[in-house]
Amino acid sequence: MSSATSTTSLPSGLAVLTTFPDVLFIPEIIFGGLVWILVASSKVPVPMLQGWVMFVSVFCFIMSTTLLCLYSCGAHGGSSSWVTLDIICQETAALFYLSAAVLEAYFTYTVGTLNQPLVLTIYQENIAAVVFAFLATLMYVIHKVCSLLRWKSS
């Protein structure tokens, strides 16, 4: 039976879903998917800005899902280099999501200054995207810090 504390090596099989910080893959995927859906469903008046948010959400969603599947299958084989890969992936995702969340918040702020009925719907969708982007950022930062602690102890 796995404990809910941080371990020095990467888990495999269903232990991925019961060990910390690897259980954070689930909220990362959920929040990232919600950002992806909300940004994709809203009108895109600023393609460069929202294109970056879409890229980050899709990239991190695919990366987290791939890592979760690889860890579940035991592809790492207990190698310590996978712990380093985990840190690199979580750090990249945390930085990407922080930049995307700030850009989305700025865009939402600028849209909120307009008083038009159509803009209100865009504003509400983007408010939700900002909240989920910051939640995803928080999950990736927590995962990164715990992965750094796991790397240090290995």
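Phe59 is partly exposed, at a relative accessible area of 32% (buried means under 20%, exposed over 50% and partly exposed in between, with a 1.4 Å probe and protein chains only). The model is predicted, so that local features need pLDDT of at least 70 and side-chain atom pairs count only at pLDDT 80 or more, while totals for chains, interfaces and linings use all residues. Residues are numbered from 1 along each chain as its sequence is written, and side-chain values use heavy atoms, with hydrogens and water left out.

Ring pairs were assigned to Phe, Tyr and Trp (its six-membered ring) with centres within 6.5 Å; planes under 30 degrees apart count as stacked, over 60 as edge-to-face and the rest as tilted. Trp52 is partly exposed, with a relative accessible area of 28%, and Phe96 is partly exposed at 24%. The ring centres of Phe59 and Phe96 are 5.9 Å apart with the planes at 50°, so this pair is tilted. Phe59 in helix α2 and Phe96 in helix α3 are 37 residues apart, and their pair links distant parts of the chain. Trp52, Phe55, Phe59 and Phe96 are joined by ring pairs into a cluster.

Helices (H or I, at least four residues) and strands (E, at least two) are DSSP runs, numbered from the N terminus. Helix α2 (residues 47-73) packs on helix α3 (residues 81-112) at an angle of about 155°, with the axes 9 Å apart. Axes are lines fitted to C-alpha atoms, for helices over the stretch in contact, and angles run from 0 to 180 degrees between N-to-C directions. The two helices α2 and α3 are therefore roughly antiparallel (over 145 degrees; under 35 is roughly parallel, 65 to 115 roughly perpendicular and the rest oblique).

The largest nonpolar core contains 29 residues, and Tyr71, Tyr97 and Tyr140 have the most contacts inside it. Such a core is a set of buried Ala, Val, Leu, Ile, Met, Phe, Trp, Tyr and Cys residues joined through side-chain atoms within 4.5 Å. Two or more residues of this core come from each of α1 (25-41), α2, α3 and α4 (117-153). Helix α3 gives the most, with eight residues.
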